Structure formats: C-alpha cells, structure tokens
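Let's take a friendly walk through a protein model, one part at a time. Keep the structure in view as you read.

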Amino acid sequence: MKSGGMMKNDNKNDRRTSGPAKGTGKTKATGKANAAGKTKVTAGKETRVPVGQGREKTAVKKKSGLCPVADKCGGCSWINKPYVEQLKNKEKQLKELLAPFCKVEGVIPMEHPEHYRNKVHAVFGENRHHDAISGIYEQKSHRIVPVDSCLIENAKADEIIVSIRGLLKSFHIRPYNEDTGYGLLRHVLIRTGHVTGQIMVVLVLASPILPSKNNFVKALLKLHPEITTVVINVNNRNTSMVLGDKEHVIYGKGYIEDELCGKRFRISPRSFYQVNPVQTEILYGKALEYAGLTGKETVVDAYCGTGTIGMIASDKAAKVIGVELNADAVRDARNNAKANQIRNIQFYQNDAGKFLVEMAGQGAKVDVVLMDPPRSGSTEEFMNSVAQIGPERIVYVSCNPETLVRDLKYFKKKGYRVSKGVGVDMFPFTEHVETVVLMSRK
C-alpha cells in the first residue's frame with residue numbers, strides 16, 4: 001500500500017494503466033447511465049439505493065446487465081457475486097490460511113462498496129471511423145474497450161473523462177495512435193479528494209504542446225467548474241507506463257489535498273495515495289488498535305511510503321521513525337509531516353532491513369514495528385533484522401494472504417506468535433483482501 005512497498009495496491013486494480021497488466025479490479029459499464037446505485041450492507045443483507053438521475057435500480061446480485069464489458073475488462077472478477085457472498089468467500093479464505101496461527105475476527109465490509117476508486121485512468125484512441133474513444137485495454141491486449149462509466153470508479157471522474165473526449169474534435173486534438181506514433185492525447189488521469197472534494201485532471205500527451213490550451217481549459221471548466229487543477233504530463237516514450245517524467249501546470253496549483261484519519265495530505269500526479277480512502281481509515285484504525293500504543297512507544301514504520309500510517313500513529317506514540325527506499329516518497333512524507341505540524345516523526349531514505357540492523361547495532365530500542373510490504377511479501381533479510389532489534393509487537397498489514405502466511409511461518413521461527421488477525425475489504429468486486437495481524441514475542 002505504499003510507494004516502494006505501498007504502491008502495490010495503487011495500480012494492481014487498474015486495467016486502464018498498462019494494457020495487458022493482470023489483476024485490475026475494474027468493472028466497466030459503457031456509454032449510458034449504468035446500473036450503479038449504492039449497495040448498503042447491513043446485518044448480512046444488502047439493499048440498493050439509486051444514485052443520481054437516470055440510473056436504474058439494479059440489485060448487485062443480478063447476473064446480467066451490471067457491466068457489459070466485464071468479460072473483456074477482467075478487473076472485477078466477482079462482479080456477479082452478491083456482496084455478502086464476496087465477504088463470506090474472503091473470510092473463508094482468510095480463516096483457512098490463518099487457522100494454524102490465530103483466530104480471524106472476520107472481514108470488515110465497505111458500507112457502500114461502489115464508486116470507491118478516487119484515482120481513475122482512461123486510455124484514449126480512435127475507432128475505425130477515426131472517432132475518439134476512451135476506456136480500458138482489453139485483457140492481455142492493447143485493444144481499447146470503450147467505457148464511459150464504471151461501477152467502482154468515482155462517478156464524477158468518469159463524467160469528466162467523457163467531457164474531455166467530447167471536446168477533442170472542436171479543438172482539433174487527435175488521440176495518440178501507439179502503432180503509428182501519431183496523435184497527441186494518450187491518457188487522462190483524474191484524482192479526487194474524498195474529504196475535500198478537490199479534483200485534479202492530468203492530460204498525458206505525446207508532446208508538450210496542447211493547442212489552444214487556455215481555451216481548452218476554459219471549455220472544460222465551463223462543463224466542470226469543480227475541477228481545481230489541470231496538469232499536462234508528457235510521455236513521448238514507447239512504453240506501457242501511463243505517466244512520463246515531465247509535467248507542467250496549466251491551471252490551479254498542480255496538486256490537490258485530501259484528509260485521512262484527521263491528517264491532511266498533498267497529492268500530485270505521481271504521488272501515492274490510497275485509492276479507497278474510506279476503507280483505508282478502517283484499515284489503519286485496526287492496525288493502530290493492534291499496535292496498542294500508549295504514548296510511550298518508539299515505533300518504526302517500515303516500507304513507510306509517503307508516511308501516512310506513521311503520521312497517524314504519531315498521535316499515540318512517543319516517537320515514530322519512517323523508513324523508505326523511494327526518494328520521492330520520502331520527500332512527500334517529510335512535506336506532509338511538516339504541513340501537519342508533526343514533530344515526533346522522522347523519515348529516512350534507506351533499506352528498512354539495513355536500517356533496523358544499524359539501529360540494533362547502536363543499541364536502539366524499538367517497541368512496535370508497523371510493516372506493510374508489497375504483494376510479494378517481506379524478505380528474510382528484513383524479518384531477520386526485525387527479530388534482531390526485537391520489538392514487543394509487530395503489526396503486519398498485507399495485501400496478499402499467501403505471502404503473509406509464508407512470512408508468519410518465518411516470524412514464528414524467530415520467536416514471535418500471532419495473536420489475532422482481521423480482514424478489511426479494500427477492493428469490493430475483486431478477490432483481493434487486506435489483512436492485519438498482530439504478532440508478539442513469545
């Protein structure tokens with residue numbers, strides 16, 4: 001969930017980003033208002049409340065019509081499972097995998113498990129009539145499947161993408177053709193602030209010049225005055241990566257801000273930020289509950305990324321140390337800590353394992369380690385370093401139950417026992433589930 005560790009969840013569910021990438025977590029619905037609505041989960045039941053004008057009332061458990069491109073997208077593998085059934089399946093999987101270690105408290109559901117993604121990509125191209133299209137890459141290909149709305153994406157972001165596509169012809173802007181190398185607009189990225197409502201539009205172009213850019217922005221803002229910033233990102237490489245290295249701001253500040261667990265975070269086009277902030281608050285809340293902080297502890301946030309969970313933990317700890325290998329993420333973490341006036345946290349750009357070994361060599365004491373590794377899990381080198389410094393408690397946040405089990409076996413050999421665990425449904429309509437476990441020294 002973090003950059004350099006934390007970014008794992010940011011892109012794994014996005015079919016729009018890189019063509020044949022697997023495991024996308026997206027469900028699409030074309031053109032017209034689709035059966036979106038909201039599913040409210042209460043007492044083992046689910047009911048649907050329509051969202052906005054022109055949307056049909058459709059039960060989540062309906063087997064057809066919910067997403068006409070689900071088979072081509074492949075992102076929401078559980079699109080046709082009722083949400084309650086999805087939760088039962090995830091809970092069953094976790095209980096079976098963690099049975100040798102601890103009792104699982106269950107899987108915490110999302111109350112309204114739709115339109116949760118605050119980061120939305122669309123790839124642009126042309127159909128055989130040379131009309132502009134936008135949408136997703138078909139599974140295992142670079143064929144574009146036209147999409148106008150998606151069950152799990154922010155609805156306003158989807159509307160803005162459709163509006164941008166509608167403006168292209170009048171401004172003589174052609175979508176990029178990756179086969180011929182001609183054309184300008186490659187992708188559009190929309191990022192939204194869940195709490196603040198701020199909206200960033202990133203236009204990914206094949207060259208730096210956007211014709212009549214001021215008039216284009218004016219036309220877009222007339223349609224969507226809620227947009228707070230527009231950024232041009234230049235990607236002129238033959239690559240499946242969405243964003244290039246160069247960008248310039250053509251409207252607003254070039255970033256948006258959002259709030260998570262009472263802290264404010266700056267989000268730029270390439271910043272990591274959780275795509276489901278509602279469930280992230282629940283996930284981090286559980287992690288800190290398991291950490292059992294009293295205000296006296298020294299906490300290490302390993303794989304800290306932009307420092308979100310460490311900053312949230314700082315309210316209840318004496319000292320927090322964040323360690324992250326990615327230099328950009330460390331810079332963002334320091335800026336966010338400064339903006340939130342947090343004085344008991346320090347961030348270091350280093351390999352977390354090596355850093356802990358150095359701390360142990362200096363006789364430093366650590367009470368709690370928070371670790372949130374990528375899907376591939378942790379490494380024996382890192383787990384050895386944790387055991388060497390010997391914290392009383394380890395809170396492990398995992399997005400892959402299989403690698404979690406592997407790592408728990410290793411920690412057990414190092415003298416730790418698993419006390420308890422819980423699942424958090426971060427990505428409804430997919431098979432993915434986040435897990436938080438607490439380990440203590442035997």
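## A buried tyrosine

Y396 counts as buried, at 1% relative accessibility; buried means under 20% relative accessible area, exposed over 50%, and partly exposed in between, using a 1.4 Å probe and protein chains only. You will find Y396 in strand β17, which covers residues 393–398. Helices (H or I, at least four residues) and strands (E, at least two) are DSSP runs, numbered from the N terminus.

Which residues does Y396 touch, leaving aside neighbours within four places in sequence? Its contacts include M371, P373, G377, S378, T403, L404, D407 and F411, where contact means heavy atoms within 4.5 Å. With D407, the side chain of Y396 also makes a polar contact of 2.6 Å. A polar contact is a pair of N or O atoms within 3.5 Å; within protein, one must be able to donate a hydrogen and the other to accept it, and residues adjacent in sequence count only if both atoms are side-chain atoms. S378 is 18 residues from Y396 along the chain, and their C-alpha atoms are separated by 9.9 Å.

## How to read this model

This is a predicted model, in which local features need pLDDT of at least 70, side-chain atom pairs count only at pLDDT 80 or more, and totals for chains, interfaces and linings use all residues. Residues are numbered from 1 along each chain as its sequence is written, and side-chain values use heavy atoms, with hydrogens and water left out.

The predictor's confidence in each residue is called pLDDT and runs from 0 to 100. The chain averages 85, and 85% of the residues score at least 70. Confidence is highest in strand β8 (residues 199–205), at a mean of 98, and lowest in strand β2 (residues 45–49), at 41. For residues 1–40 the pLDDT is below 50, and this stretch has 208 contacts in the model beyond near neighbours in sequence. Residues 42–64 are also below 50, with 52 such contacts. Where pLDDT is low, the predicted coordinates should not be read in detail.

## The whole chain

The chain holds 11 helices and 19 strands. Of its 442 residues, 57% count as buried. Among contacts with a separation of 6 or more, 68% are between residues 24 or more positions apart.

## A glutamine in a helix

Is Q279 buried or exposed? Q279 is buried, at 1% relative accessibility, and it lies in helix α6 (residues 277–291). Beyond its neighbours within four places in sequence, Q279 contacts I108, P109, M110, V424, D425 and M426. Q279 and E434 are 155 residues apart in sequence, yet 9.9 Å apart in space, C-alpha to C-alpha.

## Rings, charges and cysteines

Rings of Phe, Tyr and Trp (its six-membered ring) pair if their centres lie within 6.5 Å; planes under 30 degrees apart count as stacked, over 60 as edge-to-face and the rest as tilted. By this rule there are six aromatic pairs. One of them is the tilted pair of Y348 and F355, with 4.9 Å between centres and 35° between planes. Y348 is partly exposed at 30%, whereas F355 is buried at 10%.

A charge sits over a ring if NZ of Lys or CZ of Arg is within 6 Å of the ring centre and within 35 degrees of the ring normal. K81 sits this way over W78, 4.8 Å from the ring centre, and R186 lies over the face of Y176, at 4.3 Å.

How many disulfides are there? The count is zero, a disulfide being a pair of cysteine sulfur atoms within 2.5 Å. C150 is buried at 1% relative accessible area, and C399 is buried at 2%.
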